[in-house]
Amino acid sequence: MSIDKALVPAPDGAVPPAHPKQTTPRLALGALGIVFGDIGTSPLYAFKETFVGHHPIAVDAPHIYGVVSLIFWSIMLVVTVKYVTVIMRADNRGEGGSLALLALISRLSPGSRRSRYLALLGVMATALFFGDAMITPAMTVMSAVEGLTVVQRGLSPLVVPIAIIILIGLFLFQSRGTARVGALFGPIMMFYFATLAVLGVVNAINRPDILLSLNPYWAGVFLVSDPGLAFLALGSIVLAVTGAEALYADMGHFGRRPISISWMWIVLPALMLNYLGQGALLLDNPGSAENPFFLMAPEWARLPLVLLATLAAIIASQAVISGTFSVTRQAIQLGFLPRLRITHTSAAAEGQVYIPIVNWTLLTLVVLLVLGFRSSSNLAAAYGIAVTGTMLIDTLLVAVPILTIWKWPRWWALPLLAAFLVVDITYFASNLTKVPDGGWFPLVIGLIGFTCLTTWARGRQLMQERLRESAMPIEVFIKSAASAATRVSGTAVFMTSSPTGVPPALLHNLKHNKVLHERIMILTVVIDEVPYVSQEDRIGTLELGQDFYRIIIRYGFMQKVDIPRVLKRIENCGPQLKMMETSFFLSRQTLLASSRPGMALWREALFAWMMRNAESAMDFFKLPTNRVVELGSQVEI
């Protein structure tokens, strides 16, 4: 493929399906264990927190009907209509999530005026996701283990230690991957959702009048009769839809159709039957509001239910942790984070990765959260802000493809988007009232993440601009210095981020060593704004003369980078490459903070620190350790 063609985005049909050999029922079962763990464990705490949380409400029929009605219609509008029906259409060649949606918009609906603001929104959603990823494991595991206090109140002092032991074990297990145990997640969650449904039906039979709560009239009565208390209660009711964003974020693993089938036929009915059952229990016994999920079960079944709920909480936490690794990898590939060490834990599934620094950072912060908040009720105060913020941003982002790419008729697209925004803004505003009680934590984490993501992206842009300013045109270099230099045997591969000009490492090598190899390859790795790039579109080459070649190697943002493997396939660049006769030259820039326009000095210092601590290009690109030469230079930004 020519070098010009290599710089053109891959055609829409270039990527093979991500899961060609698996049937829809099998994918739907797998989705139960990965996609729906978070929202599936919401019944453990959502109903309880609404009635006995930081803003308790009266446990009487009007309020019970109103809460169940709000939960039902929130689930239908936010999850079923917004995510399953609308947002999941906005897949970037199969992949979902805020960064994938941002890349899709940049590719199909470019616009310099709005692209900056959309990029900031996408980065903000990613930063909020990191905050949510720290709270979810702590919240779900604590809620499940607290079921022990229903079995035996004397076990209350053991809740925090048991939760910490489970969480430490979960994070220690990450380096081994989930390929072996992952096959069990789907069947376990199927049994869990069946249990939710059975518990709900058994309790709802005793109070069939709970079905009245499905009428939106009762939601309206609650909101109108006591608007102040209802507004505060929305901060807990929204916990019933936390995890909805995972349907979109994990779409690349299973596909839109299997996720939709699992939601409509298994998860949605099970959740609603369980919430109806909890409402029916409270109608008969208002005192059960202290922990209605576990009190729905007969006494003999409560300990097994605690064990099942703990398994579900572990699976939900595993899904969030794996999602954090995946999002971090996307951010690295798209240029929002520095290179980090990434380990692939499965030879068959490319998306299963492990990032040590992310794993241990998450573990530390999750354990600190459990020790600091000490109960799921206290954690609930910190839960929800990041999720509702992400949901609001998803609505703003998906408005672009709806109006400019799909071109839906405005007469119904605008009212639909307005309805989404009203719900999202209301829930987000309600959660802002939690800031003094713990809601500050995800906001602080989000702010730190946003600062790091934007600083790295801006710093890379400035550094590349400075390097281009001092770069020599390759044609001039070949005609002058290269033609007069002594040539030695072998192949030299000079890696550079710019597809034009002379790499700094090439200039420094000639300056200090006074020689050039007989074959020079100038290599640029391009991460495209698509999840996968096919083998046919992977390589682009251009002969520059005098045995100089410019090579472009393209990857999708979800693909594993392996440069030596690709170089062995290169044609039209002389003899086939032999690793033992090839040297790789890398540039290592030392950044000097300066008063030049670009970034504040403290952000320049942060960027320099991130760059110093990034994984070396040698490890990231899988280069042979004994064939790499690094040449340093200083750059002012």
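Trainee: In this predicted model, is Asn 572 buried or exposed?
Mentor: Asn 572 sits in the loop between helix H25 (563-567) and strand S7 (582-592). Exposed means over 50% relative accessible area. The relative accessible area of Asn 572 is 66%, so the residue is exposed.

Trainee: What is the phi of Asn 572?
Mentor: Most residues other than glycine have a negative phi. Asn 572 is a residue other than glycine with a positive phi, near 65°.

Trainee: Where is Gln 546, and what is its phi?
Mentor: Gln 546 lies in the loop between strand S5 (539-545) and strand S6 (548-555). With a relative accessible area of 40%, Gln 546 is partly exposed. Its phi is also positive in a residue other than glycine, near 55°.

Trainee: Why does the distance between the end C-alpha atoms of H9 agree with a helix of 14 residues?
Mentor: Helix H9 covers residues 159-172, and at 1.5 Å a residue these 14 residues should span 20 Å. The end C-alpha atoms of H9 are in agreement with that, being apart by 20 Å.

Trainee: Within what arc do the buried residues of H9 fall?
Mentor: The buried residues in H9 are Val 159, Val 160, Ala 163, Ile 164, Leu 167, Leu 170 and Phe 171. In an α-helix, residues three or four places apart point the same way, because there are 3.6 residues a turn. Seen down the axis of H9, the buried residues line one face of the helix, because they fall within an arc of 125°.

Trainee: Which helices are included in what covers the buried residues of H12?
Mentor: Helix H12 spans residues 227-237, and its buried residues are Ala 230, Ala 233, Leu 234, Gly 235, Ser 236 and Ile 237. The cover over these residues includes helix H4 (46-52), helix H5 (61-86), helix H11 (216-225) and helix H21 (410-432).

Trainee: Which element gives the largest share of the lining of the second largest cavity?
Mentor: The second largest cavity holds about 110 Å³ of space. Its lining has 14 residues, and nearest its centre lie His 54, His 55, Ser 236, Ala 381 and Lys 434. Two or more lining residues come from each of H12 and helix H19 (376-382). The largest share, 3 residues, is from H12.

Trainee: Which element gives the most to the lining of the largest cavity?
Mentor: The structure has 3 cavities of 30 Å³ or more, and the largest has a volume of about 380 Å³. It is lined by 28 residues, of which Phe 129, Glu 245, Ala 246, Ala 249 and Val 327 are the closest to its centre. Elements that supply at least two lining residues include helix H7 (112-145), helix H13 (244-249) and helix H17 (302-333). The most, 7 residues, come from H17.

Definitions and conventions. Residues are numbered from 1 along each chain as its sequence is written. This is a predicted model: local features need pLDDT of at least 70, side-chain atom pairs count only at pLDDT 80 or more; totals for chains, interfaces and linings use all residues. Side-chain values use heavy atoms; hydrogens and water are left out. Helices (H or I, at least four residues) and strands (E, at least two) are DSSP runs, numbered from the N terminus. The expected span of a helix is 1.5 Å times one less than its number of residues. Buried means under 20% relative accessible area, exposed over 50%, partly exposed in between (1.4 Å probe, protein chains only). The arc is that of the directions from the helix axis to the C-beta atoms. Contact means heavy atoms within 4.5 Å. On a 1 Å grid over the protein atoms alone, a cavity is a set of points where a 1.4 Å probe fits but cannot get out, and a pocket is an open set with protein on both sides within 12 Å along at least five of seven lines; lining residues have an atom within 4 Å of a point. Grid points are joined across faces, edges and corners, and a volume is the space filled by probe spheres set on the points.
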